[in-house]
Amino acid sequence: MSKSMYSPEELKRALLLAIPMSIMTGMCVQFLNAPATGGGGMNTAEISKLVAAEVQAGMLQMSTQSYNTALGGGQKYPPVKTLPDGERLRILITGGAGFVGSNLVDRLMAAGHSIIVLDNMFTGRKKNIAHWLGHPHFELLVHDVTQPLLLEIDQIYHLACPASPPHYQFNPIKTIKTSTEGTMNMLGLTKRVGARILLTSTSEVYGDPEVTPQKETYWGNVNPIGPRACYDEGKRVAETMMYAYEKQAGVEVRVARIFNTFGPRMHPNDGRVVSNFIIQCLQGKDITIYGPGTQTRSFQYVDDLVSGLVALMNGDYSQPVNLGNPDEYTINDFATLIKESTNSKSEIHHLPATKDDPRQRKPDITLAKTQIGWQPKVTVKEGLAKTIAYFQGELHANGEIIPTGSDAVRPRAVKSQNSSPKVFTPP
Ligand code: NAD
Ligand code: UDP
């Protein structure tokens, strides 16, 4: 049974600290509720209210956490459920220090399981899992999935692979090795210990789809030698390996085809559309649209994805399942939505289209609904409010962030441009 983390004395003192914080956040709410300068329309006030609530909740949580750490003088962990030994699973999460992986770690730790994160820290960040370091249910292995590994585990969520185009194109050979050799290693491990493995595949297996929405039965339209091929074909062969191991060796497999996902812990320099547009808008920089902006994407909030992954892993259905939110936007409309949600004065700037950029993407989630009882619960606007608040925090902590363009690039650390930290002033 989990018990309250704080004594009455600690709570009283935290409350005293919260009063000045709430004055500050009240000022912040006032600013965020100011009317939009340009365009109007699209429920701007409603979105701003959501952002304000997220900022307020985040700041209060941060102040309470740091206060309690100082009070206790030791590490405090988020609450975890106490499971009987027979129910606590040993779960390996490859890529667990990344965006999706670290959100999954939080969910499974809270549920009371023992978690091992394996990550080579290419795009992962230690700060994403730092709040669990030292916890008796948590281990971090800095290791590369392309190298074999012997462990005793019950389940593997196999996420390790860079997901943003500039990062997976930086070292295409390594991206291919990660999806092929890495998946082979994880399947070998799964087979040896009789575990179950879930692969995070992608909507990119459908390439530039000629049908919409995309069902799992669609075989896709992928250029096998284009710049995206290292990722797309890598994931396609990873899926092939999963079903070869299932058929030939009886390994229990699950395959999630994930559509564009966003939320807190996205890497601010990953160059993806959600992170780029938000940090551009928050800093008053140009919003960079590649090509005409008529291409579409459908965006899901990370909490929904995590629920879908857990449902798929623990259900009976072993064929590929789309996990995404069918709420589809043109990139032009998405830019306008982010601009309004942040009350930004940023201008839209069109740049040349990137090669093989899929023109449309929208999941058919019938299988997810019927086979694993899952569908997204968080609207794009609610998810954006939390994500904008997260990026505001990153800007406060790090100063200016220079968005990553469309060229292949190594992940850059987010750090202050000046030796003295620059405090971000909202536009
Ligand atoms: P991410 O880049 O934040 O996380 C990937 C993690 O894998 C990072 O921590 C990275 O350091 C680690 N990694 C990369 N190569 C590795 C290697 N060789 N050995 C060990 N660790 C390695 O990306 P994400 O958005 O969290 O994506 C997680 C998974 O979900 C990926 O498999 C990705 O293909 C899939 N996916 C994500 C999205 C999305 O929109 N986020 C969409 C489709 C599929
Ligand atoms: N995109 C854009 N500007 C950016 C980043 C991305 O116009 O600064 C476009 C990109 O060309 C693509 C869409 O947004 O059409 C989604 O890109 P992202 O890199 O997020 O993921 P993808 O779905 O292409 O893997």
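Which residues come nearest to ligand 1? Of the 29 residues around ligand 1, the nearest are Gly 95, Gly 98, Val 100, Thr 123 and Gly 124. Here a residue is near a molecule if its C-beta atom, placed from the backbone, lies within 6 Å of it.

Before going on, a word on what you're looking at. This is a predicted model, where local features need pLDDT of at least 70, side-chain atom pairs count only at pLDDT 80 or more, and totals for chains, interfaces and linings use all residues. Residues are numbered from 1 along each chain as its sequence is written, while chains are lettered from A and ligands numbered from 1 in the order in which they are written.

Now back to ligand 1. The elements giving two or more residues to its shell are helix H3 (99-110), helix H5 (172-193) and strand E5 (196-202). Those labels come from DSSP runs, numbered from the N terminus: helices are H or I runs of at least four residues, strands are E runs of at least two. H3 provides the largest share of the shell around ligand 1, with 3 residues. Sorted by class, this shell has 12 nonpolar, 15 polar and 2 charged residues. For the classes, Ala, Val, Leu, Ile, Met, Phe, Trp, Tyr, Cys and Pro are nonpolar, Asp, Glu, Lys and Arg are charged, and the others, Gly among them, are polar.

Let's step back to the whole chain. It has 11 helices and 13 strands. Of its 427 residues, 44% count as buried; that takes 20 or more other C-beta atoms within 10 Å of a residue's own, while 12 or fewer makes it exposed and anything in between partly exposed, with C-beta atoms placed from the backbone. Take the contacts between residues at least 6 apart in sequence: 80% of them join residues at least 24 apart. Two residues are in contact if their C-beta atoms, placed from the backbone, lie within 7 Å.

Two packed helices are described by the angle between their axes and the distance between the axes. H3 and helix H8 (residues 302-314) pack at about 65 degrees, with their axes 10 Å apart. Axes are lines fitted to C-alpha atoms, for helices over the stretch in contact, and angles run from 0 to 180 degrees between N-to-C directions. H3 and H8 are therefore roughly perpendicular to each other. (Under 35 degrees counts as roughly parallel, over 145 as roughly antiparallel, 65 to 115 as roughly perpendicular, and the rest as oblique.) On the H3 side, the contact is made by Val 100, Asn 103, Leu 104 and Arg 107, and on the H8 side by Val 302, Leu 305, Val 306, Leu 309 and Val 310. By class, that is 7 nonpolar, 1 polar and 1 charged residues.

H5 has a helix partner too. The axes of H5 and helix H6 (residues 229-249) come within 9 Å and cross at roughly 15 degrees, so these two helices are roughly parallel to each other. Among the residues making this contact are Thr 183 and Leu 187 of H5, along with Lys 235 and Met 241 of H6. The contact of H5 with H6 has 11 nonpolar, 5 polar and 2 charged residues.

Strand E5 is where you'll find Thr 202. Why does Thr 202 count as buried? Because 21 other C-beta atoms lie within 10 Å. Leaving out residues up to four places away in sequence, Thr 202 touches Lys 235, Arg 257 and Ile 258.

Finally, turn to ligand 2. It has 14 residues around it, and Arg 272, Val 273, Asn 276, Ile 289 and Tyr 290 come nearest. Helix H7 (273-282) and strand E8 (287-290) are the elements that give two or more residues to this shell, and E8 gives the most, with 3. The shell around ligand 2 has 5 nonpolar, 6 polar and 3 charged residues.

H7 is mostly covered, with 10 of its 10 residues buried. Those buried residues pack against strand E7 (261-262), E8, strand E9 (296-298), helix H9 (331-341) and helix H11 (380-398). Just after H7, Gly 284 takes a positive phi of about 70 degrees. In the loop between H7 and E8 sits Lys 285, which counts as partly exposed because it has 19 C-beta neighbours inside 10 Å.
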